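Please open the model and keep it beside you. These notes go through it point by point.

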Amino acid sequence: MGELKTVSLLQVLKNRKRILANPLPFHSENFEKYGDTFRVRVGPGRPVVFTRDPEIIQQVLQKQQRKFRKSPLQTKDLAKYIGNGLLTAEGEHWRVQRRMIQPAFHKKKLEGLLGTMRRAIREEIRRIQPGREQDIFPLMGDLAFQVVAKSLFSNTDIREKMSELQDITETNQRMLIREMRQPYLVWWFKLSGKIRKHLAYSERGRELLDALIEERVSQHREEDDLLDMLLSATYEDGTHMERRQLIDEVLILFTAGHETTANALSFTLFLLATHAEIQEKVYLEIRQNRGTVLDSLEGIARFQYTQQCIEEAMRLYPPVYVIDRMATEEVELSGHRFSEGTLLLMSVYELHRYRSFWEKPELFTPERFSREGKKEMGPYYYPFGAGPRMCIGNNFAMYEMVLTLVEIVSNYRIESKSKEVVLNPLISLKPKEVVLEFYQRETV
């Protein structure tokens with residue numbers, strides 16, 4: 001068995017400010033120094049292991065996934081703010097909820113939401129200001145949030161309430177990041193009342209959602225949106241979700257469903273702005289498909305190159321940049337033995353730039369994701385995770401992103417004075433800002 005090299009607690013403490021601001025460079029340095037898998041000392045307790053080894057990641061997420069569970073980072077720390085829904089649930093509770101909710105995200109069900117998505121997207125991109133510099137990241141956050149809101153609550157005018165819910169989720173995320181990256185200060189966060197204050201924010205978010213759900217139920221109104229699908233979904237015994245569980249699932253759809261999409265869209269737009277020739281290929285594809293009805297899956301499928309750009313952007317800047325799992329028993333992986341309770345942090349960011357597999361991984365090359373190019377990618381590409389816990393909303397997100405890019409690129413030529421984007425890894429991988437310039441195109 002190979003003995004893993006270890007990053008000492010002293011090294012962690014010496015780099016605590018860097019880690020709090022952006023841990024990715026620290027991780028990358030350690031991967032280069034210690035290899036594809038190494039231990040990190042973060043104090044007493046269970047061992048923590050970082051890995052970018054494709055064999056280990058594939059085993060953990062797929063082939064031996066039953067020997068692992070999500071860590072307390074999600075099932076406890078994150079769950080206290082966003083509830084016990086699909087993202088944070090474990091065991092039989094997760095299996096029952098997944099089985100119940102999965103049909104709502106079937107491709108044919110989502111097809112009925114495409115028109116709603118397009119209307120929400122068009123409304124938000126009206127805020128683009130041609131001819132001047134604009135940070136597109138907040139706009140993409142609002143756009144993705146409104147797409148989820150309209151897909152869930154259909155014709156209800158909820159912009160003001162959703163703005164408050166968006167503020168709550170983002171505020172609580174910042175607090176959770178502090179707890180995760182500064183575990184030695186958790187005693188102070190509790191003593192000072194900071195955690196209690198943020199839990200109160202969560203309850204306010206629940207109240208907002210509860211009122212919207214109650215309005216729908218009391219009016220006996222059917223809208224054929226995601227909320228209707230969740231309200232009508234039944235367990236095997238014919239019963240429906242209890243209100244608290246329904247709120248948990250809706251809250252997680254908002255939190256996970258809008259943030260990762262907003263991040264991916266922002267990075268994709270930045271990459272198109274800094275690669276004019278690729279942007280023009282997207283524009284050409286849009287012109288070639290002029291008149292295509294985008295309210296159908298067949299219509300969206302025509303925009304293959306546009307989708308390849310999104311896929312390549314998520315390779316370079318994966319919204320879920322690290323995946324955690326905890327071993328539930330002793331297990332051997334890739335020549336290493338891990339004890340029960342070992343926390344494995346799998347770096348998707350590093351794997352997506354793994355030089356033994358990706359040719360010139362630092363370059364933005366959408367052609368990698370042609371149909372032929374995808375055949376060998378399985379163990380090296382996880383933008384939505386993998387295995388039974390693969391993101392339930394992956395198709396929803398891809399349709400939304402294709403629709404958004406088609407809408408923007410058909411109307412605007414995009415430029416950027418900056419050639420780099422500053423990363424801000426929180427729960428998901430965000431950019432600090434994405435300052436772009438938009439120039440009106442002639443109508444396609």
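1. Start at one pairing. In β9, the bridge partner of T51 is M346. Keep in mind that this is a predicted model.

2. Now widen the view to the strands. β3 and β9 (residues 343-347) run parallel, paired over 4 bridges. Strand β2 (residues 37-40) also pairs with β3, through 4 bridges, but this pair is antiparallel. T51 turns up here too: T51 in β3 is the bridge partner of T37.

3. Which residues of β3 are buried on each side? V48 and F50 are buried on one side, V49 and T51 on the other. Both faces of this strand (residues 48-51) are therefore covered.

4. Move on to helix α17 (residues 304-316). It has 13 residues. From first C-alpha to last it reaches 19 Å, close to the expected 18 Å.

5. Is α17 enclosed or open? Of its 13 residues, 11 are buried, so the helix is largely enclosed by the rest of the structure. Among the buried residues are Y305, C309, E311, E312 and R315. The buried residues pack against α14 (243-273), α15 (276-288), α18 (348-351) and α19 (394-411).

6. Last, look at D225. D225 lies in the loop between α12 (194-219) and α13 (226-232). Its relative accessible area is 1%. Buried means under 20%, so D225 counts as buried.

7. What does D225 touch, leaving aside neighbours within four places in sequence? Its contacts are L113, S151, L152, F153, S154 and R216. With R216 there is also a polar contact: the two side chains are joined at 2.8 Å.

Conventions:
Residues are numbered from 1 along each chain as its sequence is written. This is a predicted model: local features need pLDDT of at least 70, side-chain atom pairs count only at pLDDT 80 or more; totals for chains, interfaces and linings use all residues. Side-chain values use heavy atoms; hydrogens and water are left out. Helices (H or I, at least four residues) and strands (E, at least two) are DSSP runs, numbered from the N terminus. Buried means under 20% relative accessible area, exposed over 50%, partly exposed in between (1.4 Å probe, protein chains only). A polar contact is a pair of N or O atoms within 3.5 Å; within protein, one must be able to donate a hydrogen and the other to accept it, and residues adjacent in sequence count only if both atoms are side-chain atoms. Contact means heavy atoms within 4.5 Å. Two strands pair if DSSP finds at least two bridges between them. The expected span of a helix is 1.5 Å times one less than its number of residues.
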